[in-house]
Amino acid sequence: MIDLISGTFSLAQAGYPEAMAASTLNQYLFVSAAMFALGLIGFMTRRNLILMFLCTELMFQAAGLSMIAFGRYHMNFDGQTFVIFVLTIAAAEAAMALALVVLLFRKRESLDADLWAELKG
Amino acid sequence: MMAMTGAILESVLSAALAADPAGGMAGAEHAASQSSGGALMALIPLLPLFGAVLVGVLACFNEKSKMPAYVTVGLLAASFVLTLITYLGWDGHSVMQIRLWDWIGLSWGDGVGQSLDAGFAFYLDGLSLLWMLFVTGLATLIGLYASEYMEHDVGLGYCRFFGAFCLFVFSMSCLVMGDNLLMLFLGWEGVGLCSYLLIGYYYKKKSAVDAGMKAFIVNRIGDLGLLIGTLLTFTTFGSLEFTQLFSTIEAGHSAAGVPLGDTWQVWAIPLLFMAGAFGKSAQLFFYVWLPDAMEGPTPVSALIHAATMVTAGVYLVARMMPLFVADTHLIALTVVTWGGAITAFWAATIAMAQYDIKRIMGYSTISQLGYMFAGLGVLATTGGVYHVFTHAFFKATLFLSCGAVMHGFAGQLDLRKLSGLWKVPGFKIVSIAMLIGCLNLAGFPFTAGFFSKDMIIAEAFVTPDSMIPGSSWAGWLMLLTAGLTAYYTFRVFFRVFVGPTEFYPGDDHHGDDDHGDEDHASTFHPHGPGWAMNFVLIALAGGSVLAAGLYFMGDHHGWAGGMVHASSAQFDPAQIGGHAGGSSAEQADIEHGTVFGFDPHKAMYYISAVVGFIGIGAAWWLHLAGRTQAATSRMESVAAKFGPIPSWAEHKWYVDEFYDFLIVTPLRLISNLFFWFDRLVIDGIVELFGGTPKMGSETIGNATQTGVLHDYALRMIAGTAAVLVVVVLVLY
């Protein structure tokens, strides 16, 4: 059955007989790169803290998508495992980050990231 | 606390049991044998130390009562009683020793002089017993006096005072009872420290702080002499323990087997010790610190700067007498004689023109110490030591009387502003005590001071000039000084205590602090001393009187002679060139100097009495006869005939100014030079090494650390992109 210790476990044993074609992988990676670029540009251009936070989430998911695609391509669970962890962490981190944003908002009555520059110098 | 006390007691007792009774002083002429002293003996220094700790604990609890004084007086009294018991149980000739623990034990080879063994051990012979008797006795009495005198400072100041007081007695005991030169040095530095602490007791007063530092620094110069002397002693004789040291000296050669006469150390070591002694005892060039030390509270002046600590120098010379007489040319003793005689005269001339009665007493202390040194120098060890003993009593009396006046008249010490205190209510006992002290200091016939001073002056004439060059001239100088002493002593008495009653209070209470006194200027009432101060004055004046009786006790020139005889200070005059020595009666007629053909010992009674009467008469004529007010007397018109000389004397012959010019100013210039060198060059180099990275990081940091989130993000992206580019382009 599933041999977790020896590491020979692959998608092939779980009902996916064939590896993904390289061209298909490229399409996935293209979508992933596009998502990441969108997130990055959004992060750099926006001043709204919540939007900036959403953009970071977008970049996370872009990375996750490429990892799952690679996992399917290599016929193993590594990518999926990673993504499950990333999603878990991201959920926790989202709760904290949004709480921080709320606190910051209470201080300045605004969501403008440029209002916070205390680390200057 | 209890555990600690128990531990100390236990160590004392076990040490007493283990003390080695064997090992006599081989070849010692005076046959002093060692014996183990009782455990009691070790408690003499330890009780005051315990007192200092206890007072420190009281200070921690912010004690507001007179408890520190009671603790101090109680423990010091116990210490005195122990000394007395030890003295009474002493067989009169042996050396009592007790070793508490090994203090310093070093060894770097098996040869002679390749190991240093200095135990925390005590050594009691006649000389140290004599010292301990008056040190603990006077400390007890003066502690009692201080309990009242310092009462306006009850609280932390009171604790500080008595803590240092106890510590002083401990240090002094270590100095006097030390079994080796290192113990002596420990005590020597300890008393110096306590002296510094107590002179600067009124630390808010700049003059007091300066005086403390002056005392400490001047002492330091002398201490260097003592330290080098101690080191040289070790390298020459291979030991620092008195018993071993004296037997080596007795044997007449150094540890390396070189005859002492052929070594340079035989005169260098005594000279170095003499420098230390002169520093501590304020002689010759070093005397300048002692008058300033009068800034301390009066009990301190009485105990430390008159009776005990300043006699440590005399003790050192007396203790090391075997070393001083080992030199056949007696170079060091000649310097001691002349240093003492000149200082005695010099200080007396200054004392004649001062107006501050406490300072007059300070200068007279210097002068009397000069006598003691001259006594040691002319081989009259007994005279010198006896004078230490009598002087301790009468000078303490004088100081404490002055202190009582200061206490009662709001710090007034100017003899032009006090007169006829005899008739002021409450000052009868003070006046009588003062009179007794003055008579002693002036050398009035049949007082203790008369006998002890005469022994010294007579011996100066007895000791031939061939041994101590010019010793008879030193005698004449001391005789002249005796007249001056009588004059300045009774100048104080006639101005302050008798004559028309008139007084003006000082501008502070007890010379120091601010406890918001409201009423003194307008409705000032002098307050006489209370029971404690009066009791102490009576006891000390009585002691001064009784000390005269000691002159007639025993076989060796009185009781003090007996004590000296039973100590290392005793020497065989035959050993120093076959001349007559002072402290040995049976040798005195070998070659005997004379005064106009008379035996100096007998003639001096009459000569010095006459000189004393002349001095007292002059003081009476100039300061009492016909005086109608406090401020002026006949002296003013007489002094005018001397031109500027009285004014020079009043300004202490400008010695302080001369020292300022010669030493202090150049020192300041050099230290300023070094200060700026350090500030500019040394600090500059250090600053350069620290400043360069700081400057660099500030430049970069200010440009990049903007605090704006997007700037950081951009830089992070740029950095990651750069890494990617490098990885992709360069590595693949």
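Helices (H or I, at least four residues) and strands (E, at least two) are DSSP runs, numbered from the N terminus. S3(B) runs antiparallel to strand S2 (residues 95–107) of chain B, and ten bridges join the two; strands pair if DSSP finds at least two bridges between them. Across this pairing, Ser107(B) stands opposite Ser115(B).

Before going further, please keep in mind that this is a predicted model, in which local features need pLDDT of at least 70, side-chain atom pairs count only at pLDDT 80 or more, and totals for chains, interfaces and linings use all residues. Residues are numbered from 1 along each chain as its sequence is written, while chains are lettered from A and ligands numbered from 1 in the order in which they are written.

Now step back to the whole of chain B. It holds 26 helices and five strands, and 53% of its 732 residues count as buried. Two residues are in contact if their C-beta atoms, placed from the backbone, lie within 7 Å. Among the contacts in chain B with a separation of 6 or more, 79% are between residues 24 or more positions apart.

What lies inside? The largest nonpolar core has 237 residues, and Val317(B), Ala396(B), Met478(B) and Val536(B) have the most contacts inside it. Such a core is a set of buried Ala, Val, Leu, Ile, Met, Phe, Trp, Tyr and Cys residues joined through C-beta atoms within 7 Å. Helix H5 (residues 156–177) of chain B gives the largest share of this core, 16 residues. Leaving aside neighbours within four places in sequence, Val536(B) is in contact with Leu141(B), Ile142(B), Leu144(B), Tyr145(B) and Leu400(B).

Helix H6 (residues 181–199) of chain B is also mostly covered, with 15 of its 19 residues buried.

Two loop residues are worth a look. Most residues other than glycine have a negative phi. Asn62(B), however, has a phi near 55 degrees; its place is in the loop between helix H2 (39–60) and helix H3 (67–88) of chain B. Ala410(B) also has a phi near 55 degrees, and sits in the loop between helix H16 (381–408) and strand S4 (418–419) of chain B. Which is buried and which is exposed? Asn62(B) counts as exposed because it has 9 C-beta neighbours inside 10 Å, whereas Ala410(B), with 20, counts as buried.

Finally, look at where the chains meet. Eleven residues of chain B are in contact with eleven residues of chain A. On the chain B side, helix H25 (655–704) and helix H26 (709–731) each give two or more residues, and H26(B) has the largest share, five residues.

How confident is the predictor? On pLDDT, its confidence in each residue from 0 to 100, chain B has a mean of 85, and 89% of its residues reach 70 or more. Over residues 12–35 of chain B, though, the pLDDT is below 50. For the complex, the predictor gives an ipTM of 0.83 and a pTM of 0.76.

Conventions: A residue is buried if 20 or more other C-beta atoms lie within 10 Å of its own, exposed if 12 or fewer, and partly exposed in between; C-beta atoms are placed from the backbone. pLDDT is the predictor's confidence in each residue, from 0 to 100.
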